[in-house]
There are 2 protein chains.
Amino acid sequence: MVAVDLGGTRMKCGLVAADGAVLHRETRPTPRAAGGRAVLDALLETVVELGQKATADGHRVRAIGVVVPGIIDAETGTVVAENLAWAATPVRTELVAAVGNDVPVVLAHDVRAGGYAELRQGALKGTTNSLFLPLGTGIAAAMVIDGRLVSGDGYAGELGHSRFIHGDAAELCACGQWGCLETVASAAALARRYAARSGRIVDGSREVLELLAAGDEIAAEVWHDALNVLVDALVLYTTLVAPTRIAIGGGLVGAGETLLQPLRDGVHARLTFQREPEIVAAVLGEEAGCLGAALYAWDRIEELK
Amino acid sequence: MVAVDLGGTRMKCGLVAADGAVLHRETRPTPRAAGGRAVLDALLETVVELGQKATADGHRVRAIGVVVPGIIDAETGTVVAENLAWAATPVRTELVAAVGNDVPVVLAHDVRAGGYAELRQGALKGTTNSLFLPLGTGIAAAMVIDGRLVSGDGYAGELGHSRFIHGDAAELCACGQWGCLETVASAAALARRYAARSGRIVDGSREVLELLAAGDEIAAEVWHDALNVLVDALVLYTTLVAPTRIAIGGGLVGAGETLLQPLRDGVHARLTFQREPEIVAAVLGEEAGCLGAALYAWDRIEELK
């Protein structure tokens, strides 16, 4: 299985066996600055070259799994992905033209692919109602409900663009709405809000977490804000869909128990009649998207034939 | 099919054919004041008598569908329902003891059963991602996601107990949380809030709607508050699960376009990247729960055998 994840700053690529073993991994640049066509060409070249490598290593490529940070039209295989400069780009058609009709192509949403990997082999294994919530540059959710990963025709899971900040405190989000969870609780928001309050540019959320550990007051404030709205979001999700386990992923989970324990305490204090979820760290890290796309394709290999 | 709905003030009972035709309907008192055992005995008596009537009328009872306003443990068939005074009451075991092992018994949640009926024969027919939201004494949601009605092990859909009122305006809800949607936007809340502001007891939400139509200022205020939080709730649900259609039910939908048009306008104004849902009135009214339980049981008659 050839798997490519376009969700991060670089393409994460892999060859994945049927049991989920990663036989080969590499990363490649994503030429975003050169535009949507360049990104697509780079993807096609990568897929073809990985297929050649697999064959040279004595493997048979059974399917291609491609993970995209955007909305996939399941019928046409076109993709809308703002940060790849794709607007209804015919990704599946181009991939099929590049690799031929014999090898099925699976397109998967980045966060849902990550959630699928956590569900099959990671922190959500064995659950039927659960949530994978990566807190990275942005925030989106992979929702597992009644045993299935939710798609909502490609639109579901935008918890990061739900309003949890109200009144004067609400900031304008890149999506055009005000007060989105993502404006306060993403890794990017943490760095941006620290810089805005302190007047000092920081090297991402990692530096904010270091400042927090060192007792910096502004870091403590923006961290407190993030925890507050995350508790709100987890309580709301729990009330609506009743997950038994929530796996937090993305850059912020590097904070470990500094993040997880206040979330557990905050959620526990707020719930009354609801079923209380376990709150844990996701375990597959950056590889989750690539692995998820491969596992998803392997699990459907019979119907893809 | 014998169907009994314990969700309202009186038991709604019916005999329902395989095509959804209601062959017989009646209501009976629910002896809540006499306690949980009395309610259970009344249910057992009703089911047995309706079965006898069906047989006398020349029908064969293929299953029993019972709709309960509470949390059903799917494995054990016990039910927790505060307003029936049931605490882990073994409803399925007692029903099987009363009607015998030959006739399968299906327990269904009241709002989800109503949603199932709307999905099969009503306002949500033909949808795969949609929402049934009855605004009655309380508020709960039946969520249709990727073609299936969501259960969440019996816990899902408590949109009415999600927080949409913040700060000093938040009132304590019966569930123990603050600022729940239900405290402002249910039919009961409308009447209660009008009475609290005007000092005048009103005959339910119906009278508040009449006062609203007559230009009463306090009625306009509490109505405006309800619309505002309903828009918030619908936007959040749309962002998270992307329904193509939302059917509003319960007593408040008697207001018709006075309710629906401001909801459409409010949701339309707030959405940016999301898929916009149609917002319509539910069509099956008070019969939805009973009909939904019967349809659900008919649809599973082969696996129930």
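Predicted model: local features only at pLDDT ≥ 70, side-chain atom pairs only at ≥ 80, totals over all residues.
1. Helix packing in chain A.

2. From helix 3 of chain A come A:Asp110, A:Ala113, A:Gly114, A:Tyr116, A:Ala117, A:Glu118, A:Arg120 and A:Gln121. Helix 9 of chain A supplies A:Ala288, A:Gly289, A:Leu291, A:Gly292, A:Ala293, A:Leu295, A:Tyr296 and A:Asp299. Sorted by class, the contact of helix 3 of chain A with helix 9 of chain A has 8 nonpolar, 4 polar and 4 charged residues.

3. A:Tyr116 is buried, at a relative accessible area of 10%. A:Tyr296 is partly exposed, at 30%.

4. The pair in chain B. B:Tyr116 and B:Tyr296 form an edge-to-face aromatic pair. The figures are 5.1 Å centre to centre and 80° between the planes. B:Tyr116 sits in helix 3 (residues 110-121) of chain B, and B:Tyr296 in helix 9 (residues 288-299) of chain B. This pair therefore ties together parts that are 180 residues apart in sequence. B:Tyr116 is buried, with a relative accessible area of 10%. B:Tyr296 counts as partly exposed, at 31% relative accessibility.

5. How the copies relate. Chain A superposes on chain B by a rotation of 180°, with 0.0 Å of shift along the axis and an RMSD of 0.0 Å. The two copies are thus related as by a two-fold rotation axis. Which C-alpha of chain A is nearest the axis? That of A:His166, 3.9 Å from it. The same surface serves both copies, since 100% of the contact residues of chain A recur in chain B.

6. A:Phe164. Is A:Phe164 buried or exposed? A:Phe164 counts as buried, at 8% relative accessibility. Its place is in the loop between strand 11 (148-149) and helix 4 (182-185) of chain A. Leaving aside residues up to four places away in sequence, A:Phe164 touches A:Leu159, A:Gly179, A:Leu181, A:Val229, A:Asp232, A:Ala233, A:Leu236 and B:Leu236. From A:Phe164 to A:Val280 is 116 residues in sequence and 22 Å in space, C-alpha to C-alpha.

7. Positive phi at A:Ala88. A:Ala88 is not a glycine, yet its phi is positive, about 55°. This residue is found in strand 7 (residues 86-89) of chain A. A:Ala88 is partly exposed, with a relative accessible area of 47%.

8. Positive phi at A:Asp146. A:Asp146 has a positive phi of about 50°, although it is not a glycine. Where is A:Asp146 placed? In the loop between strand 10 (142-145) and strand 11 of chain A. A:Asp146 is partly exposed, with a relative accessible area of 24%.

Terms used. Residues numbered from 1 in each chain as written. Chains lettered and ligands numbered in written order. Heavy atoms only, no water. Contact = heavy atoms within 4.5 Å. Helix = DSSP H or I, 4+ residues; strand = E, 2+ residues; numbered from the N terminus. Nonpolar A, V, L, I, M, F, W, Y, C, P; charged D, E, K, R; others polar. Least-squares fit on C-alpha atoms with pLDDT ≥ 70 in both. Buried < 20%, exposed > 50% of the residue type's maximum accessible area, 1.4 Å probe, protein only. Phe/Tyr/Trp six-rings, centres within 6.5 Å; stacked < 30°, edge-to-face > 60°.
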